[in-house]
Structure formats: C-alpha cells, structure tokens
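Subject: Structure handover

Dear colleague,

I am passing on the structure that follows, together with some notes on what was found in it. Please read them with the structure open beside you.

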Amino acid sequence: MTLADMKENDSGIILYINNECEIKRRLYDMGFIKGNEISCVRRNFLGSPIAYKIEGSVVALRKNDAQKVGVVL
C-alpha cells in the first residue's frame, strides 16, 4: 500500500520510499523516515494534492509522489 491509497483519517507506518522518487531527500528532511507514523488529513476531490500529518506538521504531496512511499496501516 502507498500513501496515495490511504483514505482520510487513516494512519499508518512508513515502510519505504522508492529509490526512483525525485524528491526522496526532501521527504527525508520533512520526516518521511521508515518507522515514522503518518496520517492522511485531507484528500483533494480531484485526487491531488493530498495532505498528510507527520512529525507534527501537515505536508501536501502530489499523488504521483505519494505513490512512491510505502506504508502499512
């Protein structure tokens, strides 16, 4: 399952970030690290962007980037 598959109010644990992700380093800097808890706060009705709460901050990601981060609920 990826971040893009999460529904509003779902929470999960980050498993990985795909090596082909162009913003991998930026995601690490924002707290997207294996083992961290993340929750889906809001989904745009068009599907992108999607807002997630991690490390006390709310971060919006494009669906394309969210599909490259694996999670387990």
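This is a predicted model: local features need pLDDT of at least 70, side-chain atom pairs count only at pLDDT 80 or more; totals for chains, interfaces and linings use all residues.

Tyr16 has its place in strand β1, and it counts as partly exposed because its relative accessibility is 42%, between the limits of 20% for buried and 50% for exposed.

As for the chain as a whole, it has two helices and five strands, which follow one another along the sequence in the pattern β-α-β-β-β-α-β. Its C-alpha trace spans about 30 × 20 × 20 Å along the principal axes, and its radius of gyration of 11 Å agrees with the value near 11 Å that a compact globule of 73 residues would have. Of the 73 residues, 41% count as buried.

The five strands form an open sheet in the order β4-β3-β2-β1-β5, with antiparallel pairing. The edges are taken by β4 (57-61) and β5 (69-72), each of which pairs on one side only. Within the sheet, strand β2 (residues 37-43) and strand β3 (residues 50-54) are joined in the antiparallel sense over five bridges, and Ile38 stands opposite Ile54 in β3.

Turning to charged side chains, a search of the whole structure finds three salt bridges. One of them joins Lys68 and Glu22 (3.3 Å, N to O), and this pair links distant parts of the chain, with Lys68 in the loop between α2 (63-66) and β5 and Glu22 in the loop between β1 and α1 (24-29), 46 residues apart. Lys68 counts as buried, at 15% relative accessibility, whereas Glu22 is exposed, with a relative accessible area of 62%.

Another salt bridge brings together Asp29 and Arg25 (3.5 Å, N to O), which both lie in helix α1, four residues apart, about one turn of the helix. Finally, Arg62 and Asp65 meet in a salt bridge (2.9 Å, N to O); Arg62 is exposed, with a relative accessible area of 51%, while Asp65 counts as buried, at 3% relative accessibility.

Definitions and conventions:
Residues are numbered from 1 along each chain as its sequence is written. Side-chain values use heavy atoms; hydrogens and water are left out. Two strands pair if DSSP finds at least two bridges between them. Buried means under 20% relative accessible area, exposed over 50%, partly exposed in between (1.4 Å probe, protein chains only). The radius of gyration is taken over C-alpha atoms; the globule rule is 2.2 Å times the number of residues to the power 0.38. A salt bridge is a side-chain nitrogen of Lys or Arg within 4 Å of a carboxyl oxygen of Asp or Glu.
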